[in-house]
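Reader: I have not seen this structure before. Please show me how to read it, one feature at a time.

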Protein chains: 2
Amino acid sequence: MAGRPSPDPDASSTRERILDTAEALFAEQGFDGTSLRQITREAGVNLAAIHYHFGSKDALIDAVFARLVGPINAARLAMLDEVEREAGEGAPELERVLEAFILPPLQSTADVGTRTYLDGRRIKLIGRIYSAERQHISKQLFFNQFREVLERFRGAFGRCLPGLSEAALTWRIHFTVGAMVHIVHTAGDPVLCSMLGMDSTRLEARAIARRMIPFLAAGLRAPEEDAP
Amino acid sequence: MAGRPSPDPDASSTRERILDTAEALFAEQGFDGTSLRQITREAGVNLAAIHYHFGSKDALIDAVFARLVGPINAARLAMLDEVEREAGEGAPELERVLEAFILPPLQSTADVGTRTYLDGRRIKLIGRIYSAERQHISKQLFFNQFREVLERFRGAFGRCLPGLSEAALTWRIHFTVGAMVHIVHTAGDPVLCSMLGMDSTRLEARAIARRMIPFLAAGLRAPEEDAP
DNA sequence: GTATGGGTCATACGACTGTTTGAATCATAC
DNA sequence: GTATGATTCAAACAGTCGTATGACCCATAC
């Protein structure tokens with residue numbers, strides 16, 4: 001029982017340096033495309049440090065994922081709490097629910113003064129995780145991170161759109177997530193932005209949200225098609 | 001000059017078997033996550049055959065991409081041609097332009113009788129290419145494959161939505177692409193579908209389009225926000 | 001002082017990576 | 001028949017991969 005752990009600033013510094021570097025490289029090159037050696041090289045730490053602090057590459061990926069997504073989903077739920085609290089008994093305003101859903105992933109760090117510019121690095125990784133590279137993340141962890149968010153927001157959207165069938169609601173939430181993920185993923189990509197005639201630098205989270213929310217709100221509110 | 005090439009059925013068979021297997025494995029595991037040895041093993045061909053027929057792994061990726069995306073974009077342009085021909089001088093109907101844009105990637109093979117069920121394999125790869133793994137594909141090839149489609153559809157959407165500013169049109173097309181890519185990418189994913197309460201089997205392209213088009217049309221038609 | 005244990009280090013393991021080579025095989029042309 | 005050129009094959013190339021090991025450093029506890 002001698003030698004209490006003692007937070008040891010050096011240790012946490014190595015751990016965080018690994019997480020930061022891994023996050024950046026995973027975002028840029030994907031999980032399979034990034035080697036542990038590249039991470040440790042750029043982070044300036046020893047190769048064995050990853051296995052000491054995390055245990056394996058898969059565990060490191062999970063750690064990066066949890067550190068990235070956890071705060072975003074917490075912020076979403078906090079915003080939704082506030083929106084529902086203000087709405088009281090009645091249904092909250094659809095636009096505000098949408099804002100609670102899409103703004104936190106768009107913001108995610110990179111605050112400059114009063115504005116929040118997209119941090120291309122983290123943003124890109126979020127898109128990667130949502131879309132193509134979920135296979136690398138523990139199913140259990142992924143499920144735990146998103147279940148509550150999906151349930152809560154599905155309920156909120158449903159209350160905002162009482163006329164919609166369950167099936168239509170499911171599909172439209174799916175489309176909403178898709179638009180959000182795609183933006184989040186391609187936001188920092190110079191090639192795609194230039195093809196679309198957009199300025200990839202200085203994208204501001206609230207400006208994007210101001211574009212997205214009316215689009216998505218109108219789509220969600222569209223009269224339900226009654227084809228079979 | 002003796003021994004003309006002669007199409008040699010075996011050669012094209014090997015080539016195609018490599019392409020088919022690579023497509024399936026790339027879709028499932030990504031480009032970095034799939035080794036040439038795994039491809040040749042599953043395709044039942046020799047390892048060197050890939051370098052003989054394609055030259056390198058990157059060239060194989062490009063070949064898979066071109067074979068997959070080329071026909072889809074050709075079908076899109078053909079449908080748009082037809083829609084614009086029928087519209088004559090006036091603007092075409094927004095819903096029909098949307099259909100020309102989203103139906104071909106949703107269909108892409110897998111016809112069963114009169115219905116077209118999603119081919120999870122190809123679909124998944126399309127989503128992968130659009131979202132996270134574009135880095136592996138030659139920039140030139142990617143640009144060539146999509147430039148005409150983007151230009152033509154941007155023009156068509158613009159004529160359908162004369163009241164929209166250029167900037168708003170750009171953003172909304174971006175959102176539309178995002179919703180489409182996300183659906184295309186997650187359509188065959190059992191985990192995500194179950195989280196969303198959707199049946200991942202037997203997804204039919206036209207049924208998805210019938211859900212998507214009203215959503216996207218309403219979003220595209222939404223009155224333009226006039227915030228700065 | 002010595003002992004403890006968290007953290008770091010260089011080094012090595014076996015397996016796997018994309019790529020290359022040169023011989024073997026094949027159908028066709030003459 | 002022989003010659004030709006396209007295709008396939010087993011084998012090896014030099015690297016890199018994720019992982020594991022055991023010595024070492026160093027602050028703290030006693």
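Reader: How many helices and strands does the secondary structure of chain A come to?

Author: A word of caution comes before the count: this is a predicted model. In it, chain A has 10 helices and two strands.

Reader: In what order do the elements of chain A run from the N terminus on?

Author: Reading from that end, the order is α-α-α-α-α-β-β-α-α-α-α-α.

Reader: What domains does the domain assignment give for chain A?

Author: The assignment gives domain 1 as 9–55 and domain 2 as 66–221. Where the two touch, domain 1 of chain A supplies seven residues and domain 2 of chain A supplies nine. On the domain 1 side of that contact, five residues are nonpolar, one is polar and one is charged.

Reader: Which share of the contacts in chain A joins residues at least 24 apart?

Author: Taking contacts between residues at least 6 apart in sequence, 72% join residues at least 24 apart. As for burial, 39% of the 228 residues of chain A count as buried.

Reader: Now the helix pairs. At what angle do the axes of helix 4 and helix 5 of chain A cross?

Author: An angle over 145 degrees counts as roughly antiparallel. The axes of helix 4 (residues 57–87) and helix 5 (residues 94–107) of chain A cross at roughly 160° and come within 8 Å. These two helices of chain A are therefore roughly antiparallel to each other. Their crossing is right-handed. From helix 4 of chain A, the contact takes Ile72(A), Ala75(A), Arg76(A), Met79(A), Leu80(A) and Val83(A), and from helix 5 of chain A it takes Arg96(A), Val97(A), Ala100(A), Phe101(A), Pro104(A) and Pro105(A). By class, this contact of helix 4 with helix 5 of chain A has 10 nonpolar, no polar and two charged residues.

Reader: How does helix 5 of chain A pass helix 7 of chain A, in a left-handed or a right-handed crossing?

Author: Helix 5 of chain A passes helix 7 of chain A in a left-handed crossing. The axes of helix 5 and helix 7 (residues 139–160) of chain A come within 9 Å and cross at roughly 160°, which makes helix 5 of chain A roughly antiparallel to helix 7 of chain A. Leu94(A), Val97(A) and Phe101(A) of helix 5 meet Phe153(A), Ala156(A), Phe157(A) and Cys160(A) of helix 7. The contact of these two helices of chain A has seven nonpolar residues, no polar and no charged.

Reader: Which residues of helix 8 and helix 10 of chain A meet?

Author: Begin with the axes: those of helix 8 (residues 166–186) and helix 10 (residues 205–221) of chain A come within 10 Å and cross at roughly 160°. That makes helix 8 of chain A roughly antiparallel to helix 10 of chain A, and the crossing is right-handed. Arg172(A), Phe175(A), Thr176(A), Ala179(A) and Ile183(A) of helix 8 meet Ile208(A), Met212(A), Leu216(A), Gly219(A) and Leu220(A) of helix 10. The residues of this contact in chain A divide into seven nonpolar, two polar and one charged.

Reader: Let us end with a single residue. Why does Ala43(B) count as buried?

Author: A residue is buried if 20 or more other C-beta atoms lie within 10 Å of its own. Ala43(B) counts as buried because it has 20 C-beta neighbours inside 10 Å. Ala43(B) sits in helix 2 (residues 36–43) of chain B.

Reader: Leaving aside its neighbours within four places in sequence, which residues is Ala43(B) in contact with?

Author: Ala43(B) is in contact with Arg17(B), Ile18(B) and Thr21(B). Between Ala43(B) and Arg15(B), the distance is 28 residues in sequence and 9.9 Å in space, C-alpha to C-alpha.

Notes:
Residues are numbered from 1 along each chain as its sequence is written. Chains are lettered from A and ligands numbered from 1 in the order in which they are written. This is a predicted model: local features need pLDDT of at least 70, side-chain atom pairs count only at pLDDT 80 or more; totals for chains, interfaces and linings use all residues. Domain bounds come from an automatic or database domain assignment. Ala, Val, Leu, Ile, Met, Phe, Trp, Tyr, Cys and Pro count as nonpolar, Asp, Glu, Lys and Arg as charged, and the others, Gly among them, as polar. Axes are lines fitted to C-alpha atoms, for helices over the stretch in contact, and angles run from 0 to 180 degrees between N-to-C directions. Helices (H or I, at least four residues) and strands (E, at least two) are DSSP runs, numbered from the N terminus. Angles under 35 degrees count as roughly parallel, over 145 as roughly antiparallel, 65 to 115 as roughly perpendicular and the rest as oblique. A crossing is left-handed if the near helix is turned anticlockwise from the far one by less than a right angle, and right-handed if clockwise. A residue is buried if 20 or more other C-beta atoms lie within 10 Å of its own, exposed if 12 or fewer, and partly exposed in between; C-beta atoms are placed from the backbone.
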